[in-house]
Amino acid sequence: MNVLITGANRGLGLGFVHHYLAHGWQVWACHRSECEALKGLHSDALHTVCWDVGENTEPQGLLPDKLHLLINNAGVYGPGSGGQSLDLIVPEAMLEVFNTDCIGPVRVVQRLKSSLIAGQAAIANISSKMGSTGDNSSGGAYAYRAAKAGLVIVSKSMAVDLQSYGIRVVTLHPGWVQTDMTHQTGLIDIETSIAGMTQVIENIDDYELGQFVAFNGSIVPY
Ligand SMILES: NC(=O)c1ccc[n+]([C@@H]2O[C@H](COP(=O)([O-])OP(=O)(O)OC[C@H]3O[C@@H](n4cnc5c(N)ncnc54)[C@H](OP(=O)(O)O)[C@@H]3O)[C@@H](O)[C@H]2O)c1
């Protein structure tokens, strides 16, 4: 079985790499910058591809002809420390986060469409509860919330548009996880999040088309 993961050199992306290698999959691990952690894995089942999902350039490295699973994981938060408040957020920051977190997965699916069809793949788009209007009681985070909300919409359209090819799509919330993005302040560790998300992916047929699901299997209000 073949899986491709974006943003795979650290954090949750690297967690997915560990999981699928341990379960005997062939793993295409995509990274835009350094990949020391990937090089250290020394596995014949690991294929690295240099791919910045925020750019329109061709990925560097061999891609598989057939994919059974795509995980659109790469993402950025944007300005921290109150830099996304209503007073401080700037259009450039909003556009940059939107380009990576929402347009990135569209670029990736466009580029991989024939391989996804060949493998009748599942697609997991990693959004965030912060992209849920139903869950937003604290405001702020303009760039990140908007980009992740956009991804929920994009993900649903992918689910509808690709259904006739036998491709299933789920939108995931990983939980609040201890990674660089949260400055290691999350409530759960990477292993817990990955164990939950991979379980949801395995049971993707139990969920409605393009449904927004948290790592623990609960449905995220949108
Ligand atoms: N951690 C959480 O609590 C949490 C909660 C909800 C959702 N999420 C989402 O989960 C995903 C993974 O987050 P994380 O916590 O693992 O974050 P992280 O530790 O900051 O890692 C982010 C990963 O995305 C990659 N990336 C960023 N921009 C990219 C681009 N333009 N092209 C390719 N790769 C790019 C980074 O690569 P570089 O090393 O090159 O920067 C890195 O590998 C993100 O989509 C995030 O929004 C995380």
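Trainee: What does Ala147 touch, not counting residues up to four places away in sequence?
Mentor: Ala147 touches Val97, Phe98, Asp101 and Cys102. Two residues are in contact if their C-beta atoms, placed from the backbone, lie within 7 Å. Bear in mind that this is a predicted model, where local features need pLDDT of at least 70, side-chain atom pairs count only at pLDDT 80 or more, and totals for chains, interfaces and linings use all residues. Residues are numbered from 1 along each chain, as its sequence is written.

Trainee: What makes something a helix or a strand here?
Mentor: Both are DSSP runs: helices are H or I with at least four residues, strands are E with at least two, and they are numbered from the N terminus.

Trainee: Why is α3 called roughly parallel to α4?
Mentor: The axes of α3 (residues 91-118) and α4 (residues 142-162) cross at roughly 20 degrees and come within 8 Å. Angles under 35 degrees count as roughly parallel, over 145 as roughly antiparallel, 65 to 115 as roughly perpendicular and the rest as oblique. So α3 is roughly parallel to α4. As for how that angle is taken, axes are lines fitted to C-alpha atoms, for helices over the stretch in contact, and angles run from 0 to 180 degrees between N-to-C directions.

Trainee: Which residues of α3 and α4 make the contact?
Mentor: On the α3 side they include Ala93, Met94, Val97, Phe98 and Asp101; on the α4 side, Tyr142, Ala143, Ala147, Leu151 and Met158 are among them. By class, this contact has 16 nonpolar, 1 polar and 2 charged residues. Ala, Val, Leu, Ile, Met, Phe, Trp, Tyr, Cys and Pro count as nonpolar, Asp, Glu, Lys and Arg as charged, and the others, Gly among them, as polar.

Trainee: What is the hand of the crossing of α1 and α5?
Mentor: Right-handed. A crossing is right-handed if the near helix is turned clockwise from the far one by less than a right angle, and left-handed if anticlockwise. The axes of α1 and α5 come within 9 Å and cross at roughly 65 degrees. Leu12, Gly15, Phe16 and His19 in α1 meet Ile190, Glu191, Ser193, Ile194 and Thr198 in α5. That contact divides into 4 nonpolar, 4 polar and 1 charged residues.

Trainee: And the ligand: which residues are closest to it?
Mentor: Gly7, Gly11, Ala74, Gly75 and Thr179 are the closest of the 28 residues that surround the ligand. A residue is near a molecule or strand if its C-beta atom, placed from the backbone, lies within 6 Å of it. Helix α1 (residues 11-22) gives the largest share of that shell, 3 residues. By class, the shell has 9 nonpolar, 15 polar and 4 charged residues.

Trainee: What makes the phi of His183 worth a look?
Mentor: His183 has a positive phi of about 55 degrees although it is not a glycine. Most residues other than glycine have a negative phi. Gln184 has a positive phi too, of about 60 degrees, and is not a glycine either. His183 sits in the loop between β6 (168-173) and α5 (190-202), and Gln184 lies in the loop between β6 and α5 as well.

Trainee: Are those two buried or exposed?
Mentor: His183 has 9 other C-beta atoms within 10 Å, so it is exposed. Gln184 has 10, so Gln184 is exposed too.

Trainee: How do you know that Ser43 is partly exposed?
Mentor: Ser43 has 13 other C-beta atoms within 10 Å, so it falls in between and is partly exposed. Ser43 is in the loop between α2 (36-39) and β3 (46-50).

Conventions
Buried ≥ 20, exposed ≤ 12 C-beta atoms within 10 Å, placed from the backbone.
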